[in-house]
2 protein chains.
Amino acid sequence: MSAPALTKNQALVFDVLEKADGPLSAYTILDKLRDHGFRAPLQVYRALEKLLEYGVVHRLESINSFVACAHPGENCHSHGIVAFAICESCGQVMEFHDHEVDHRLMDWTKSKKFKAEKTTIEIRGLCEACAA
Amino acid sequence: MSAPALTKNQALVFDVLEKADGPLSAYTILDKLRDHGFRAPLQVYRALEKLLEYGVVHRLESINSFVACAHPGENCHSHGIVAFAICESCGQVMEFHDHEVDHRLMDWTKSKKFKAEKTTIEIRGLCEACAA
DNA sequence: ATCGCACACGTTATAGCATAACGCAATTGA
DNA sequence: TCAATTGCGTTATGCTATAACGTGTGCGAT
């Protein structure tokens, strides 16, 4: 599931996300791309759908926003579960992975015979700078 | 932060959630309470806000829904991080806690001096019955 | 070649989720 | 009694996401 060449719209959306210094909502992305001909939400959502599939963009469920993967070039899907720490003050997002956490969650799902498809881990709070 | 006596609206909303066999959206709750005089979303959201605060209801971020806490009577806030496994087929939700996971996440936040306020862990997939 | 298929795209409309802002009533405590 | 707090009801609005339709393009199979 490596990323094929991006289409024009996908590239535009990805570019906006990569240049942003924090997560963006679909509608914020739309606004930033109006000059490039974007007019409707679906143009953004369709691009995001693919970018998520390719693993180059993550969706932050708890804030309905999207962020470029912190591992440019790599396929993030291979890192196990992705976790995020989201600062409620400055909006900065830190992405990390913890195999022990993955392990524990996998143990649980195995014990319950639950077939995990997608796991969300999001920590909301204040980053070091904002907590001061 | 134990739960004080619930107001009428809070009790109605909580009752609907407890009797449901899965998570409900705010608007679904609203529909179920129209016979009891509910007419606007805010009546539901305001009740939910308090119920979340009291720890007797959880919000499932990844599906914009709400579910009664699986530990009736207890204060769920004292169990550490709450995790959920959500079946995408039948909608059933399993709530669980894993102190080792909590520990690992706390270690990470400590190391980054990130002040965690609220942590979301949601596993989406298929439950044993539906995966068959 | 041309047919059929898959896929990206554009547009309009609509569905679904959540909160702002106003005002009223009841409670409580100084 | 007065002020502060809390819950409540209503209207309006904003934000998030998808349905349904049609167009165009590339590409492999016949």
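Modeller: This is a predicted model. Start at the surface near DNA strand C. Three helices each supply at least two residues of that surface: H1 (8-19) and H3 (41-54) of chain A, and H3 of chain B. H3(A) gives the most, with 4 residues.

In total, 15 residues surround DNA strand C. The closest are Thr7(A), Asn9(A), Gln43(A), Arg46(A) and Arg59(B). Of the DNA strand C atoms within 4 Å of the protein, 45% belong to sugar or phosphate, and the rest belong to bases.

Some of these contacts can be followed atom by atom. Asn9(A) places a polar side-chain atom 2.7 Å from a phosphate oxygen of DNA strand C. Chain B takes part through Asn64(B). A polar side-chain atom of Asn64(B) lies 3.5 Å from a phosphate oxygen of DNA strand C.

Now turn to H3(B). This helix covers residues 41-54, 14 residues in all. At 1.5 Å a residue, H3(B) should span 20 Å, and its end C-alpha atoms are 20 Å apart, so the two values agree.

Which residues of H3(B) are buried? They are Val44(B), Ala47(B), Leu48(B), Leu51(B) and Tyr54(B). Seen down the helix axis, the buried residues of H3(B) fall within an arc of 120°, so they line one face of the helix. Their packing partners are all in chain B: helix H1 (8-19), helix H2 (26-32), strand S1 (57-60) and strand S2 (65-68). The face of H3(B) turned away from the buried side carries Arg46(B) and Glu49(B), which are exposed. After the helix comes Gly55(B), with a positive phi near 80°.

The largest nonpolar core has 24 residues. Those with the most contacts inside this core are Leu105, Phe114 and Ile121, from chain A and from chain B. Strand S3 (83-87), helix H4 (99-112) and strand S5 (115-126) of chain A each supply at least two of the core residues, and so do strand S3 (83-87), helix H4 (99-112) and strand S5 (115-126) of chain B.

Leaving aside neighbours within four places in sequence, Ile121(A) is in contact with residues of chain A including Phe84(A), Val101(A) and Leu105(A). From chain B, Ile121(A) is in contact with Leu105(B), Thr120(B) and Ile121(B).

Key:
Residues are numbered from 1 along each chain as its sequence is written. Chains are lettered from A and ligands numbered from 1 in the order in which they are written. This is a predicted model: local features need pLDDT of at least 70, side-chain atom pairs count only at pLDDT 80 or more; totals for chains, interfaces and linings use all residues. Side-chain values use heavy atoms; hydrogens and water are left out. A nonpolar core is a set of buried Ala, Val, Leu, Ile, Met, Phe, Trp, Tyr and Cys residues joined through side-chain atoms within 4.5 Å. Buried means under 20% relative accessible area, exposed over 50%, partly exposed in between (1.4 Å probe, protein chains only). Contact means heavy atoms within 4.5 Å. The expected span of a helix is 1.5 Å times one less than its number of residues. The arc is that of the directions from the helix axis to the C-beta atoms. A residue is near a molecule or strand if one of its heavy atoms lies within 4 Å of it. A polar contact is a pair of N or O atoms within 3.5 Å; within protein, one must be able to donate a hydrogen and the other to accept it, and residues adjacent in sequence count only if both atoms are side-chain atoms.
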